[in-house]
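This briefing is for a reader who has not seen the structure before. Please look at the sequence and the model first.

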Amino acid sequence: MRFTKDHEWVEMEGDVATVGITAYAAEQLGDVVFVELPAPGAALKAGAEMAVVESVKAASDVYAPISGEVAAANTDLTDNPQSVNDAPENGGWLVKIKIADPAEVEALMDRDAYEAHLRSL
Amino acid sequence: MTPFGGYDMPVSYAAGVLKEHLWTRAHAGLFDVSHMGPAFLTLTTRSGDPAADHAAVSALIEPLISGDIAGLAPGRLRYTLLLNADGGILDDLMVGRPAAAERQGELYLVVNAATKPGDFALIAEAAGAKGRLTRADDGALIAVQGPEAAAVVEAMIPGVGALGFMSFAPFAFEGESLIISRSGYTGEDGFEILSPASLAETLWERLLADERAWPIGLGARDSLRLEAGLPLYGHDIDATTSPLEAGLAFAVSKRRLKAGSLRGAARLAKEAAGGLSRLRIGLSVEGAPAREGAEIAGPDGAPLGLITSGGFSPTLGAPIAMGYASPAFATPGADLRVTVRGRAQAARVTAMPFVPQRYHRPATQPET
């Protein structure tokens, strides 16, 4: 699993990346009550807005950690947005992306580097 | 923590906004609202005639506000509005008349945090040499709200349970006097307790020791008052909105409206006669929560106004909002639209409160 400094995680399987937000991010957001996801087929550019995760209090943008095309969105979150809090790094995944450039994934942090990043906050 | 009215306030405590909100609706929530502005307005010279002294102190503040203070019964509080010369709302506040005969000629006021300097300056200026405004915001104000609030507070301070909604009285606690009102801003039964700073920590810790009471942050305070249909000053009401546009006609004295003795009397009279250009409405929103600043449009897409407060209702499990629209579209059941992140979503005009208020009104208590 790879991570961004904006608290997204990326898990590769072949050329498809599953993307979600980290347990740290879920904790910071508080209880998620609404998730807005991109449509399959949409083109994503690394660093651009990918999804919106909303708590009672606020809406937070989630940025695409890598470029590619949306292969699937986690539609279970429509009825169960709290999965983002309950299982942020598995059942609460947001989007599957068919990646454009494997080098973008390689450039992300590994878990040790991400945990060091969290300690620095 | 988040800045609010010049104070650093916790958005939530450990449980988080959603659980704190639901806990308050089911049990009791403690809110540190010490940022608010309690104060006393007192006649400089009392005649000793309780009725005359109350009339005299009422006459000092009434010219500034929308309500009838002269007619307020002893021991009762009234929600009222500080108005500007155009009938716009400078603040919403509580004004209370003490019960005790020897305290007549005194009023208990509680104003909002961000508006304290302006409000207090206006009131002190209007009172002139006849009245003295004494700020009490160096003390602590703690709200206890929820269906178990009465049991929690009664266990510590016997006798408070006898207060009816919008009544207040002094109570002894640890050798000091607390001013406790049966009031709040969540739509639930509950109390607001003014305590000297020296006792604030003891009071908070003792309340918190009751397992029915959780500490509740600003986030849930906001979602609770939104569900209760209560406007937040600086968002849902401001110096441009009139009490009638804001749907707060209950806070406008009919006697004073008729007499033309309110600030902005011409505008208020015109609006009371049906000449309203906009009204505060409640909306049940489909899809993503529509938050402050989102546009409200008619069924044909024509812009009508803006959302002034909006979010997710934990009690209803769906987004709700309030905002302004022209009266023609303000009928409950009307299908409108709101724009969230550039997309139109369905929104239905809904009577407020969104969640029924559960105030404690004894059968014997007169309406004020």
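The model is predicted: local features need pLDDT of at least 70, side-chain atom pairs count only at pLDDT 80 or more, and totals for chains, interfaces and linings use all residues. Residues are numbered from 1 along each chain as its sequence is written, and chains are lettered from A and ligands numbered from 1 in the order in which they are written.

**Chain B overall**

- Chain B has eight helices and 19 strands; helices (H or I, at least four residues) and strands (E, at least two) are DSSP runs, numbered from the N terminus.
- A compact globule of 368 residues would have a radius of gyration near 21 Å, and chain B agrees with this at 21 Å. The radius is taken over C-alpha atoms, and the globule rule is 2.2 Å times the number of residues to the power 0.38.
- Along the principal axes, the C-alpha atoms of chain B fill a box of roughly 65 × 50 × 40 Å.
- Of the 368 residues of chain B, 49% count as buried, that is, with 20 or more other C-beta atoms within 10 Å of their own, the C-beta atoms being placed from the backbone.
- Chain B is divided into domain 1 (2-36 + 138-227), domain 2 (37-135) and domain 3 (277-350), with bounds from an automatic or database domain assignment.
- The C-alpha centres of domain 2 and domain 3 of chain B lie 36 Å apart.

**A sheet in chain B**

- Six strands of chain B form an open sheet of mixed pairing, in the order S10-S11-S12-S9-S3-S13; two strands pair if DSSP finds at least two bridges between them.
- Strands S10 (168-173) and S13 (213-215) of chain B each have a single partner strand, so one side of each is left without a neighbour in the sheet.
- S10(B) pairs with strand S11 (residues 176-181) of chain B in the antiparallel sense over six bridges.
- Within chain B, B:Ala172 stands opposite B:Ser177 in S11(B).

**Contacts between chains A and B**

- Ten residues of chain A are in contact with 14 residues of chain B, where contact puts C-beta atoms, placed from the backbone, within 7 Å.
- Strand S4 (32-36) and strand S6 (49-55) of chain A are the elements that give two or more residues to the side of chain A that touches chain B.
- S4(A) gives the most to that side, with three residues.

Terms used
Two residues are in contact if their C-beta atoms, placed from the backbone, lie within 7 Å. A residue is buried if 20 or more other C-beta atoms lie within 10 Å of its own, exposed if 12 or fewer, and partly exposed in between; C-beta atoms are placed from the backbone.
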